[in-house]
Amino acid sequence: MTNIAPPGHRARREVLRVALGAGAGVIATLAMRASRAADANHIAINSFAFTPKLLTVKVGTTVTWTNQDQTIHSIVCPELKLRSTPLDTNDSFSYTFGKAGNYDYICGVHPFMKGQVVVTA
Amino acid sequence: MSIDSSGTDRRHFLKCMTWAGTAAVWSVAGGIPRGRLIDSAEAATDGFHFVQISDSHLGFDKAANPHTTDTLKEALNGVMALPQRPAFMIHTGDISHLSKPVQFDTGAQLMGATKLTVHTVPGEHDILAENGKSYLNRFGKGSKGDGWYSFDAGGVHFIGLVNVVNQGDNGLGNLGHEQLEWLEDDTEHLSASTPIVVMAHIPLWIVYKDWGWGTADGAQALSYLKRFGSVTVLNGHIHQVLQKVEGHVAFHTARSTAFPQPAPGAAKAPGPMAVPPGDLRHYLGIAKVSLVSSNAPLAIVDTPLAG
């Protein structure tokens, strides 16, 4: 199993939290942009949760989900009419986001698992 | 049983609902049906009985149980070893892990080898492919909609419900309008003294909302059944025995034949729970459900594959 969490990911989240905590949306955006170089555009599915739960990418980015749990999960995004096949352990699913927007998605097998991909122009 | 106001927390309450080797029994005294829990010796009966197995997850081969075909075989051997041959067997869903034809075929073959009639309801793992057609083609003959049906046996009216299609985004099970309408029609001509058995994969009552362990519109289904003196609801999905008696309704979830899951809220997330290899068979098992003849109660005895 490959650990696909980007190395700088934790640090990025810290920055975000501090910036948002101060109510400074502009700073948050800048902080995210500055750190995107290290962002592998991967989302891990682990312990029935998407990590990161919120991923921000630019239009045209391919995002890949990898299931690290023992049981199956899937990716369902109603807005995009997107429905992955069931992902067994270590299976991955990729999708290229072609349009800016906020895309909420869930696990089709366990719909209480929720995530969001924010696609910026 | 109820949650008392003296600080009993959810974990404690659910633990109280868990008994192995006990049975929920109905009896009618002075015209008032009462549900109660008895031990397995008291539930022994020569009368009408059937067997419930659940959550076989054929095709699952991860650490929690790399040998799910073998443990299903063991469970079926347990069924065949019962002193009296059951009238039939029910499987309350997740026959397969990935809805693959080979997984369904293995399940059909192994269950078929018992020569017992098998009544099934689908789990969410059984409808992952082709909108559930792989499941329906093999197990859904004579059913309606997504696979619901009813039949009568031993003086009991059996209802198989499907609550794994169009689950809401809270993850709870869903029956849907069409099926609820059917249920109302299906039961309205029955006499209130007819014992009712409802089978569905996800628990019909809310066991643990955070993990989607419950059915969003389950209460509406139960409202159609409230006039009946004996209603027994048999579920799977959560891979552990939970029993509850509420009013005229006894709820019961069966063990899996494949792997256990954590007790509600006892872990960060649900999912296959690895236990020491020697302990696995304590967590897997079958349930025998009996109609005690004199006053139409049903008794459920859960038996692990290893005591």
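Predicted model: local features only at pLDDT ≥ 70, side-chain atom pairs only at ≥ 80, totals over all residues.

I began with burial: a residue is buried if 20 or more other C-beta atoms lie within 10 Å of its own, exposed if 12 or fewer, and partly exposed in between, with C-beta atoms placed from the backbone. By that count, buried residues make up 49% of the 307 residues in chain B. In chain A, 27% of the 121 residues count as buried.

Residues are numbered from 1 along each chain as its sequence is written, and chains are lettered from A and ligands numbered from 1 in the order in which they are written.

**Entry: elements and contacts**

I looked up helices (DSSP runs of H or I, at least four residues) and strands (E, at least two), both numbered from the N terminus. Chain B has 8 helices and 13 strands. Chain A has 2 helices and 9 strands, and from the N terminus on its elements run α-α-β-β-β-β-β-β-β-β-β.

For contacts I used C-beta atoms, placed from the backbone, that lie within 7 Å. Taking contacts in chain B with a separation of 6 or more, I found that 69% are between residues 24 or more positions apart. In chain A, 49% of the contacts between residues at least 6 apart in sequence join residues at least 24 apart.

Where the chains meet, 17 residues of chain B are in contact with 14 residues of chain A. The chain B side has 7 nonpolar, 6 polar and 4 charged residues. Here Ala, Val, Leu, Ile, Met, Phe, Trp, Tyr, Cys and Pro count as nonpolar, Asp, Glu, Lys and Arg as charged, and the others, Gly among them, as polar.

I followed Met199(B): not counting residues up to four places away in sequence, its contacts include Ile90(B), Val121(B), Phe158(B) and Leu234(B).

**Entry: the sheets**

I counted two strands as paired if DSSP finds at least two bridges between them. In chain B, 6 strands form an open sheet in the order E6-E7-E8-E9-E11-E10, with mixed pairing. Strand E6 (149–153) and strand E10 (242–246) of chain B stand at the edges with a single partner strand each, so one side of each has no neighbour in the sheet. Inside this sheet, E9 (residues 231–235) and E11 (residues 249–253) of chain B run parallel and are joined by 5 bridges. Leu234(B) stands opposite His252(B) in E11(B).

Chain A has an open sheet of 4 strands in the order E2-E1-E4-E7, also with mixed pairing. Its edge strands are E2 (49–51) and E7 (92–96) of chain A. Strand E4 (residues 62–67) of chain A runs antiparallel to E7(A), with 5 bridges between them, and Thr66(A) stands opposite Ser92(A).

E12(B) pairs with strand E3 (residues 49–53) of chain B in the antiparallel sense over 4 bridges. Ala287(B) is the bridge partner of Gln52(B).

**Entry: two loop residues**

Is Gly123(B) buried or exposed? Gly123(B) counts as buried, because 29 C-beta neighbours fall inside 10 Å. I found Gly123(B) in the loop between strand E5 (118–120) and helix H5 (133–139) of chain B. Its contacts beyond four places in sequence include Asp55(B), Asp94(B), His201(B) and His237(B).

Lys115(B), in the loop between helix H4 (101–112) and E5 of chain B, is exposed, with 8 other C-beta atoms within 10 Å. Lys115(B) is 35 residues from Met80(B) in sequence and 9.7 Å away in space, C-alpha to C-alpha.

How values were computed: Contact = placed C-beta atoms within 7 Å.
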